[in-house]
Structures are given as structure tokens and as C-alpha cells.
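Subject: Structure for your review

Dear colleague,

Please find below the structure that I am passing on to you. My notes on it follow directly after.

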Amino acid sequence: MSDIAGTTTDLDVTLEKHRVELTGYCYRMLGSAFEAEDAVQDTMVRAWRSFEKFEGRSSVRSWLYRIATNVCLDMLNAGNRRARPMDLTAAAPLAQAALNPRPDNTWLEPIPDARVLPTVGDPAEAAVAKESVRLAFVAALQSLPPKQRAVLILREVLAWKASEVAELIDTSVASVNSALQRARATLAERPEDGTAVSDPLDEEQQKLLERYVAAFEGYDMAALTALLAEDAVMTMPPFDLWLRGTDDITGFMTTIGASCANSRLVPVNVNGTPGFAHYKPDPENGGFAPWAIQVIEISEGRITGFHCFLDTPRWFPLFGMPLHLDDQA
């Protein structure tokens, strides 16, 4: 117990310094920003209550991960698996586009980088952490059974040894290796995520995003088409509709989505990729009202996906964004 001090304040500090990395772990496990934060809070409460039983045979960090894993596995026993629209339905042609909402617990959720990516000095480690919270990767994790999911995250994302994982989940090293092999095989069957964003963004990516903002805010569909990959994808949870291809995306934006003309985009850091808080004109109150958190995916100099999360009362406070912009913003 040498790494836990004896006072209440010291215990608070000891537990809190692990909060961000634990939130990242629980987010990868659960696919939900809010459930991840609930799981971490439950972990902290359980750690507090069982502190006197902690015998110091492992590090505090390992002890907290054991508790967090059990919390997540308990939450996943309900059987819900979060997904993206393309995991549930086929792309809809524009002529058949219909905005059908599904319950909140259907969807993989976005999360601010600051909530899940602890500050690390090693650029390679930081890059792996960012890649491991991208929407496509977290969606792929949701396809795994819960224990395989935990093993893959602990081994391949957090670089734990097989013996450490075996101790954490009370199993054998052989079982851990078998679970990891099955998890890798499942993920190998999924389409590859081509997202390639450098950290920090390189000059070409910065300019691409600047052109995207200009095209979107100006509602210039020709300019936007030039920035999108031919098979780019647009999603809009909580609606299960998703669109593929520049013609359907820009066609949607000029018909059903025409009210987004003259919008404003404010940069946010989300899921290890560039993103924007999207505000559209507010004809009733003036200025701009929140509309979506956009997650932007880039590959080979083009935008391959933009994913618009529309539940603004939940997302904008989570990202620390105001619920109104005035005309001068």
C-alpha cells in the first residue's frame, strides 16, 4: 500500500490522476461518453469503499483497471451493443432518404479528446491512443464479446502483458492469448478504417479543413464535392439514415438539409480526429443555434466521412460549447 498515502486528500489525488485513462478504457469498452463517465465514477466509489481491503499486491493502477473492467462487464451484461448507422442498415439513395430516429442507446457516441486521452510524452504512444478512440475502431470493438473486447484493449491498446491481463480478469495466460487471437480474427473481417490524420495535423490536412469550413459555411456544393472522396460517407445519429457518395450527400444538403445554409463551424477535438461544433442560423432568436457535433475523417487528402451527432442538448455541454452564438461570433 506504499503508493497510496494515508489521508483522504491524498487518496483523492491518487485516484483522480487515473480518471482520464480510465475514462478512455471504459469508453472503448462501452462506446458511450456518458456511460464511460458513469462507469469511472462507479469505479472510484468502489475503490473508496474497498480501500481498506487493498493489500498492495498490485499497483493502484492495476487495481483500478480490475474494478473498471468488472463495472464495464456488468454494464455490458444487458446485451446492448452500440453501433454506427452503417453497421445497421444499407446506405439509402437520396430519393428514398427518410429521417427515422432510433433510441439513444443504439448509437456509438462521440467524446472530447480531453476526456479520454491523457497527456503522454511519447509521440508514438499518443498516436496509438488517438487511433484507438476513432469512431471506426471503437465501433469495431463493439462487435467483440465483452471479455474479448477487454483483452484486446488491454493487450493491444494499453500494451499490458498477457500475464497482467490474466491476473486482472482472473483467467490463464492461455485463455488471454486465445481471446486475443479470436478478437484479432473478428476485427480482420471488418472493412479497414482508412482514416489517416497526423498529430499534429500536417499543412495539407490543415488546408483541407480550412477549405472544408469555407465550402460548408458558404454552402458551396461544387467546392465541397471537390474535397470529398467519391465514396465519402455522411451519418446523422439519432437517425439511421446514412448516405454514400458526393451526389447523394450534396443533394441531401441542398434539399432536406437546406436549412444548414450559412452555418458556422467551430473547431473541436473529438475522437482523435478533427471536428466541429456546427451552428445553423436561428431565425427566431437571431444568431446561431447548435445543430451537431461533426466528426471529420480524412484519408489521402480527401474527406472520407463526416458524422453529425444531432442531440445538441447532450453534446454541446459535453464539449464545453455554448448553446447560442451571436452574429459576431
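Predicted model: local features only at pLDDT ≥ 70, side-chain atom pairs only at ≥ 80, totals over all residues.

Along its principal axes, the C-alpha trace spans about 65 × 45 × 40 Å. Buried residues account for 49% of the 329 residues. The accessible surface of the chain is about 15,500 Å², and carbon and sulfur atoms contribute 50% of this. Of the contacts between residues at least 6 apart in sequence, 66% join residues at least 24 apart.

The chain contains 15 helices and six strands. The six strands make up an open sheet of mixed pairing, in the order β2-β1-β6-β5-β4-β3. Strands β2 (242-244) and β3 stand at the edges with a single partner strand each, so one side of each has no neighbour in the sheet. From one strand to the next, the twist averages 20 degrees.

Pro267 has Phe276 of β4 as its bridge partner, while Asn269 is bridged to Pro274 in β4. Two residues lie between the strands of this hairpin, and Asn271 takes a positive phi near 50 degrees there.

Helix α12 (residues 203-217) lies across β3, β4, β5 (288-299) and β6 (302-309), and runs at about 140 degrees to β5. Helix α14 (residues 246-253) lies across β1 (228-235), β2 and β6, at about 50 degrees to β1.

The buried residues in α9 are Gln148, Arg149, Ala150, Val151, Leu152, Ile153, Leu154 and Val157. Their cover includes α2 (19-30), α4 (60-76), α7 (123-131), α8 (135-141), α10 (162-168) and α11 (173-188). Just after α9, Ala159 takes a positive phi of about 60 degrees.

With kind regards

Methods: Residues numbered from 1 in each chain as written. Heavy atoms only, no water. Pairing = 2+ DSSP bridges. Helix = DSSP H or I, 4+ residues; strand = E, 2+ residues; numbered from the N terminus. Buried < 20%, exposed > 50% of the residue type's maximum accessible area, 1.4 Å probe, protein only. Contact = heavy atoms within 4.5 Å. Axes fitted to C-alpha atoms, helices over the stretch in contact; angles between N-to-C directions. Areas by Shrake-Rupley, 256 points an atom, 1.4 Å probe, with all protein chains shown as cover.
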